[in-house]
Amino acid sequence: MTEQVTKLFSLSADGPEMAAALRLLVGFQQELKTGHIAPKWSLEETRRAIEQLDLSAPVGTEAALGETSHLMENGDLLSASARCFGYFNPTAAGPAILGDLLAAARNPQLAVISHAPASALIERRVLGFLCEQAGWPATSGGHFTSGGSEANATALQLALNRANADYGQLGIAAFDGPPVLYASADSHLAWIKIARSAGLGTDAVRLVPAEVGRMQIPELCSMIEMDAKAGRIAVMIAATAGTTNAGEIDPLSECAEIAAQFDVHFHVDAAWAGALILDPSRRSLLSGIDRADSLTIDAHKWMSAPMGAGIIMIRQPELAGQSYSVATGYMPAGDGQDPYITTNQWSRRFIGIRLWMMLRSIGIEGYQKLFDHHFAMAALLREKLTAAGWTLHNHTGLPVILFSDPGDNLDSQKIADRIEQRGKVWLGRVDFDGKSCLRACLTSYLTGPEDIDLLLAELSLVHEELR
Ligand SMILES: *Cc1c(COP(=O)(O)O)cnc(C)c1O
């Protein structure tokens, strides 16, 4: 009996499913370079292909793997493609994939440190290293999250606890008026969901006007002052370093000044661009980040880890304890810093192994090469777009480029749709500074000059076609 169960549930190194897994894990390199990017099947075809499989008639691991990979290959957007100039979704890096597999296979439980000291301390070591790179004091801390949204939600909890010592006990009833936070109109609107789930509501997210994608400081000040007169209580300024639409960076040092002046928590959401703390030659782009009270970085964006690997860095780690600690009779006693009482999660996957494996195998030198490459490719793309007569719109130094047809004669959405339909390359469409723009972001380590050329060729072909 045991033998039968073991056979069904386990993997063996020389079993046919392992050979198949290896082929499927690394065998699609060519697809990443030249594969059709848009889903090959319509949503209806995909739904039908999935529905027709009989879940009460299992087919064995090898067949199940092949079948599932086939569904993904045909039904999903190939966002990991070298030719996908999309939304910060990278081609996952080899060392990080292997780390993630190791975590899945060994399956350590990181809720308490005593059950997985090696794994937990590896995560702490990575976080300590990141704090150092960001120019933060050695007393800082943080933890891994499912992504940027959980990291930002954590920042709001820290801010509420910092603003009012009774918040943990009484919730927002502890405040004399509605607590509010400030983010720019171009910030990531996960803030709305976060405010709602914290019980603050949508109106608590005070969207400060942005100009060319950056938070306007005079408006920030006047909104805080007017809100104070109206009885609202400022708890956090959340600046964005690398906006999702345009890669613009809010004036971080000025935001830090204002936060200090009004004595509110200063958070920096650097989900994508925060990776640049690993690059001494480009860290100055993020200047002011060293003054943040908390910082969001997504390892699953520019650090090329598989999803979901977010990070929240925290200057005063004791705020995390105030936010999340609970006493139970069934958890082992720890050192007071066990993840289950300092973070939002309970059972916890070894998320940090992905970044640890990157640092141990290729190090920050490896990342610097990636950033050099992406900045060079972005410069090339800007140059070629300009030469081909496209109008560029954003002014960030980062490798995300917004552009449109000169005079906006052609609808950006139509161009993006037609390009997606053709399937050779993929780019986004966003609103920026009142204009509808095409958006190309360098995200994959595989993207080379030949892919830039193909993007330009597709753009001019579709332009001709739609004109
Ligand atoms: C991606 C992103 C988020 C959301 O992060 P998830 O990992 O998708 O949850 C938040 N803020 C910014 C600036 C982002 O780019």
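**Pockets and helix contacts**

Guide: The largest pocket holds about 1600 Å³ of space, in a model that is predicted. Its lining is made up of 43 residues. Those nearest the centre of the largest pocket are Leu-24, Leu-25, Phe-28, Met-72 and Ile-97. Sorted by class, the lining of the largest pocket comprises 27 nonpolar, 9 polar and 7 charged residues.

The second largest pocket has a volume of about 550 Å³. Lining it are 29 residues, and Arg-124, Gly-141, Gly-142, Pro-317 and Gln-337 are the closest to its centre. Here the elements that give two or more residues are helix H7 (117–133), strand S2 (141–145) and helix H13 (318–324). H7 contributes the most to the lining of the second largest pocket, with 7 residues. By class, the lining of the second largest pocket divides into 13 nonpolar, 11 polar and 5 charged residues.

Now the helix packing. Helix H8 (residues 148–163) packs with helix H10 (residues 190–197) at an angle of about 50°, and their axes are 10 Å apart. At that angle H8 and H10 are therefore oblique to each other, and the crossing in which H8 passes H10 is right-handed. On the H8 side the contact is made by Ser-149, Asn-152, Ala-153 and Leu-156. H10 meets them with Ala-190, Trp-191, Ile-194 and Ala-195. The contact of H8 with H10 has 6 nonpolar and 2 polar residues, and no charged ones.

A second pair is formed by helix H14 (residues 353–361) and helix H15 (residues 363–387), which pack at an angle of about 95° with their axes 5 Å apart. Angles of 65 to 115 degrees count as roughly perpendicular, so H14 and H15 are roughly perpendicular to each other. From H14, the residues in contact are Leu-355, Met-358, Leu-359 and Ser-361. From H15, they are Gly-363, Ile-364 and Tyr-367. The contact of H14 with H15 consists of 5 nonpolar and 2 polar residues, with no charged residue.

The contact of H8 with H10 has no charged residues, and the contact of H14 with H15 has none either.

Notes: Residues are numbered from 1 along each chain as its sequence is written. This is a predicted model: local features need pLDDT of at least 70, side-chain atom pairs count only at pLDDT 80 or more; totals for chains, interfaces and linings use all residues. Side-chain values use heavy atoms; hydrogens and water are left out. On a 1 Å grid over the protein atoms alone, a cavity is a set of points where a 1.4 Å probe fits but cannot get out, and a pocket is an open set with protein on both sides within 12 Å along at least five of seven lines; lining residues have an atom within 4 Å of a point. Grid points are joined across faces, edges and corners, and a volume is the space filled by probe spheres set on the points. Ala, Val, Leu, Ile, Met, Phe, Trp, Tyr, Cys and Pro count as nonpolar, Asp, Glu, Lys and Arg as charged, and the others, Gly among them, as polar. Helices (H or I, at least four residues) and strands (E, at least two) are DSSP runs, numbered from the N terminus. Axes are lines fitted to C-alpha atoms, for helices over the stretch in contact, and angles run from 0 to 180 degrees between N-to-C directions. Angles under 35 degrees count as roughly parallel, over 145 as roughly antiparallel, 65 to 115 as roughly perpendicular and the rest as oblique. A crossing is left-handed if the near helix is turned anticlockwise from the far one by less than a right angle, and right-handed if clockwise. Contact means heavy atoms within 4.5 Å.
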